[in-house]
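Trainee: I've got a structure open and I'd like to learn how to read it. Can you walk me through it?

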Amino acid sequence: MTAQTCPRQHQRTTMEIASLEPSLYTVKAVFILDSDGNRLLSKYYDTELYPSMKEQKNFEKNVFNKTHKADNEIAFVEGMTIVYKCSIDLFFYVVGSAQENELMLMAVLNCLFESLGQILRKNVERRCLLDNMDGVFLVVDEIIDGGVILESDPQQVIQKVNYRADENPLSEQSVAQIMQSAKEQIKWSILK
């Protein structure tokens, strides 16, 4: 009798220990939809969750249908924990497993939203987002890498994104300087 119960007790103890071991906070997906539920940006970090584009879009549509008229900040859809926020004509979603800490997911969502607010100069709407997609992807990549949460402080994210933008040889300032220099050269050539 004890020989039969020992494997179960051992199995239970192993499972209990595994559930108590610390793990990295992870995100399954991040996506931004417009007010019609159309995808503007999506990053899926768990390739087994929704492997095809069709499955991803069906999931996004299902999530949008359940959340776009709700005043909540959290939803449970298809066994996933989803935190979300809307702004003017955009819906921001962060998806985690059912066991994931909702507060950490909300910290990621708030970091994403506040970082984009600073990059887009508080104009967080569809048109501005589409005009600045390169910066949006940089922000997402600074917050999450391979599903692991790297940063939840918007100021740190902005510093890192601005540093990367400064590495670009044709930043806004240098383009303006080139244009000004060209105007001056044209003036001098006309005056001569």
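This is a predicted model: local features need pLDDT of at least 70, side-chain atom pairs count only at pLDDT 80 or more; totals for chains, interfaces and linings use all residues.

Trainee: OK. Which residues of strand E3 are on its covered face, and which on the uncovered one?

Mentor: Strand E3 spans residues 74-77. Ala-75 and Val-77 make up its covered face, while Ile-74 and Phe-76 sit on the uncovered one.

Trainee: What does E3 pair with, and in which sense do the two run?

Mentor: E3 is joined to strand E4, residues 80-87, by 4 bridges, and the two run antiparallel. For an example, find Ala-75, which stands opposite Ile-82 in E4. The two strands form a hairpin with 2 residues between them. In that turn, Glu-78 has a positive phi of about 50°.

Trainee: Now strand E1. How many of its residues are buried?

Mentor: 6 of the 6 residues of E1 are buried, so the strand is largely enclosed by the rest of the structure. Look at both sides: Ala-29, Phe-31 and Leu-33 point one way, Val-30, Ile-32 and Asp-34 point the other way, and all are buried.

Trainee: Which strands does E1 pair with?

Mentor: Take E2 to begin with: 5 bridges join it to E1, and the pair runs antiparallel. Val-30 stands opposite Lys-43 there. E1 and E2 form a hairpin with 4 residues between them, and Gly-37 in the turn has a positive phi of about 90°. Then there's E5, which pairs with E1 over 6 bridges, again in the antiparallel sense. On that side, Leu-33 has Phe-91 as its bridge partner.

Trainee: And what's the idea behind a nonpolar core?

Mentor: In soluble globular proteins, nonpolar side chains tend to be buried together. Here, the largest nonpolar core has 33 residues, and Ile-32, Phe-92, Leu-116 and Leu-129 touch the most other members. Elements giving two or more residues to this core include strands E1, E2 and E5 and helix H3. The largest share, 9 residues, comes from H3.

Trainee: What does Phe-92 touch?

Mentor: Leaving out residues up to four places away in sequence, its contacts include Phe-31, Ile-32, Leu-109, Leu-112, Phe-113 and Leu-116.

Trainee: Which residues does the second core include?

Mentor: Val-63, Val-77, Met-80 and Tyr-93 are among its 16 residues, and this core is separate.

Technical notes:
Residues are numbered from 1 along each chain as its sequence is written. Side-chain values use heavy atoms; hydrogens and water are left out. A nonpolar core is a set of buried Ala, Val, Leu, Ile, Met, Phe, Trp, Tyr and Cys residues joined through side-chain atoms within 4.5 Å. Buried means under 20% relative accessible area, exposed over 50%, partly exposed in between (1.4 Å probe, protein chains only). Contact means heavy atoms within 4.5 Å. Two strands pair if DSSP finds at least two bridges between them.
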